[in-house]
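I opened this structure to look up a few contacts and pairs. My notes follow in the order I made them.

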Amino acid sequence: MAAAEARFDLPPEQALAFFRAKGYAVGFAWQDVWQAEQDAAFTVAKMLDIDLLRDVRQAVDKAMAEGQTLAAFREGIEGTLMQAGWWGRAPMVDPLTGELREVQLGSARRLETIFRVNLQTSYAAGHWQQIQANKAEAPYLMYDAVDDGRTREEHAAWDGTVLPADDPWWQTHTPPNGWNCRCSVIQLSGAQVRELGLAVAEDAPASPTRDYRNPRTGRTEKVPEVSDPGGAYNPGASRLALLEEQLAAKRRQWRDEA
């Protein structure tokens with residue numbers, strides 16, 4: 001199937017639940033809503049109108065629930081964006097700097113990015129929940145890269161790497177690892193690892209880091225050299241951690257009230 005027509009049939013319940021639990025966040029640049037913050041909020045860079053943001057979110061939700069193609073998603077939302085004037089290049093004031101800039105609003109390429117990023121991260125988050133639920137029986141993950149000419153060299157090098165599901169490496173290397181990354185992970189039991197002729201790696205692949213200064217916040221942090229700065233996190237992991245914290249707080253409250 002052509003990449004532009006990729007679709008996700010019968011979406012897992014966990015993926016939709018992850019997506020529907022998000023709130024909203026407005027931002028002028030993609031760095032305004034950083035990494036794991038996107039687990040909690042739906043955002044589209046330079047879409048500062050919350051009503052329009054809600055329309056796009058509903059279109060993404062529909063695409064996920066119905067297994068729509070990219071073409072169907074675009075057909076459903078493109079007219080709304082054009083009618084609202086959120087299309088093409090236009091002047092816009094950056095609320096952080098007060099600078100008037102000519103920026104790219106809606107376009108076919110931007111709609112593809114919105115479609116792919118939200119579906120990929122939601123499916124990855126849903127998959128991560130399944131991994132956590134099944135890791136007692138299948139405690140290993142294998143990195144699975146698409147073997148073609150469009151695969152990033154470093155992602156191809158990770159292909160076939162098997163590590164325990166709890167290895168810290170997965171916190172920064174669970175796909176997607178950058179814009180339009182098509183990699184995935186496959187969960188395996190010990191017997192499956194042996195049947196496939198694989199071996200659990202003694203050490204995770206080397207992960208050199210570099211300093212990345214977020215131009216929107218001024219904060220500098222370490223990010224893997226080989227990942228896009230905004231993609232070096234595990235979609236869904238922070239949501240699970242938050243839910244666990246909330247559950248622990250509830251348990252403490254119940255004990256105190258007993």
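Where is Thr161 found? I located Thr161 in the loop between helix 5 (153–158) and strand 6 (162–164). I note here that this is a predicted model.

**Entry: Thr161**

Thr161 counts as buried because its relative accessibility is 14%, and the limit for buried is under 20%. I then listed its contacts, leaving aside neighbours within four places in sequence. Thr161 is in contact with Leu141, Met142, Tyr143, Trp170 and Pro205. Two of these names, Tyr143 and Trp170, come back in the aromatic cluster.

**Entry: the whole protein**

I stepped back for the totals. I found eight helices and nine strands in the protein. Of its 258 residues, 41% are buried. I took the contacts between residues at least 6 apart in sequence, and 65% of them join residues at least 24 apart. The accessible surface comes to about 13800 Å². Carbon and sulfur atoms hold 50% of that surface.

**Entry: aromatic pairs**

How many aromatic pairs does a search of the whole structure find? I got six. I looked up Tyr143 and Trp158, which form an edge-to-face pair. Their centres are 5.5 Å apart, with 80 degrees between the planes. Tyr143 lies in strand 5 (residues 140–144) and Trp158 in helix 5, so the pair ties together parts that are 15 residues apart in sequence. I found both Tyr143 and Trp158 buried.

Next I took Trp169 and Trp170, another edge-to-face pair. Here I read 5.0 Å centre to centre and 75 degrees between the planes. Trp169 and Trp170 are both buried. I then asked which residues form one aromatic cluster. The members are Tyr143, Trp158, Trp169 and Trp170.

**Entry: charges over rings**

I searched for charged groups over rings. The charged end of Lys46 sits over the ring of Phe28, 4.9 Å from the ring centre. Arg54 lies over the face of Tyr24, 5.6 Å from the ring centre.

Phe28 lies in the loop between strand 1 and strand 2. Phe28 is buried, with a relative accessible area of 1%. Phe28 and Lys46 are 18 residues apart in sequence, but their C-alpha atoms are 4.2 Å apart in space. Not counting residues up to four places away in sequence, Phe28 touches Ala45, Lys46, Leu48, Met92, Val93, Asp94, Pro95, Arg101, Val103 and Arg216.

**Entry: a nonpolar patch**

Tyr24, Val26, Leu48 and Ile50 make a nonpolar surface patch of about 310 Å². I placed Val26 in the loop between strand 1 (23–24) and strand 2 (41–42). Val26 counts as partly exposed because its relative accessibility is 45%.

**Entry: salt bridges**

How many salt bridges does a search of the whole structure find? I got twelve. I looked up Asp32 first, and Asp32 forms a salt bridge with Arg216. The closest N and O atoms are 2.7 Å apart. This pair links distant parts of the chain, 184 residues apart. Asp32 is in the loop between strand 1 and strand 2. Arg216 is in the loop between strand 8 (209–213) and strand 9 (220–224). I read 27% relative accessible area for Asp32, which is partly exposed. Arg216 counts as buried at 15% relative accessibility.

Glu66 and Lys62 meet in a salt bridge at 2.9 Å, N to O. Glu66 and Lys62 are four residues apart in helix 2 (residues 50–66), so about one helical turn separates them. Glu66 is partly exposed, with a relative accessible area of 48%. Lys62 is also partly exposed, at 42% relative accessibility.

Arg89 is in strand 3 (residues 89–93) and Glu102 in strand 4 (residues 100–104), 13 residues apart. Glu102 is exposed, with a relative accessible area of 55%.

Which residues do salt bridges with shared partners join into one network? I noted Asp32, Asp94, Arg101 and Arg216. Three of these, Asp94, Arg101 and Arg216, also touch Phe28.

Note on methods:
Residues are numbered from 1 along each chain as its sequence is written. This is a predicted model: local features need pLDDT of at least 70, side-chain atom pairs count only at pLDDT 80 or more; totals for chains, interfaces and linings use all residues. Side-chain values use heavy atoms; hydrogens and water are left out. Helices (H or I, at least four residues) and strands (E, at least two) are DSSP runs, numbered from the N terminus. Buried means under 20% relative accessible area, exposed over 50%, partly exposed in between (1.4 Å probe, protein chains only). Contact means heavy atoms within 4.5 Å. Accessible areas come from the Shrake-Rupley method with a 1.4 Å probe; for residues, only the protein chains shown count as cover. Patches are made of residues with over 30% relative accessible area and no salt bridge: like charges are joined within 9 Å, nonpolar side chains (Val, Leu, Ile, Met, Phe, Trp, Tyr) within 5 Å. A salt bridge is a side-chain nitrogen of Lys or Arg within 4 Å of a carboxyl oxygen of Asp or Glu. Rings of Phe, Tyr and Trp (its six-membered ring) pair if their centres lie within 6.5 Å; planes under 30 degrees apart count as stacked, over 60 as edge-to-face and the rest as tilted. A charge sits over a ring if NZ of Lys or CZ of Arg is within 6 Å of the ring centre and within 35 degrees of the ring normal.
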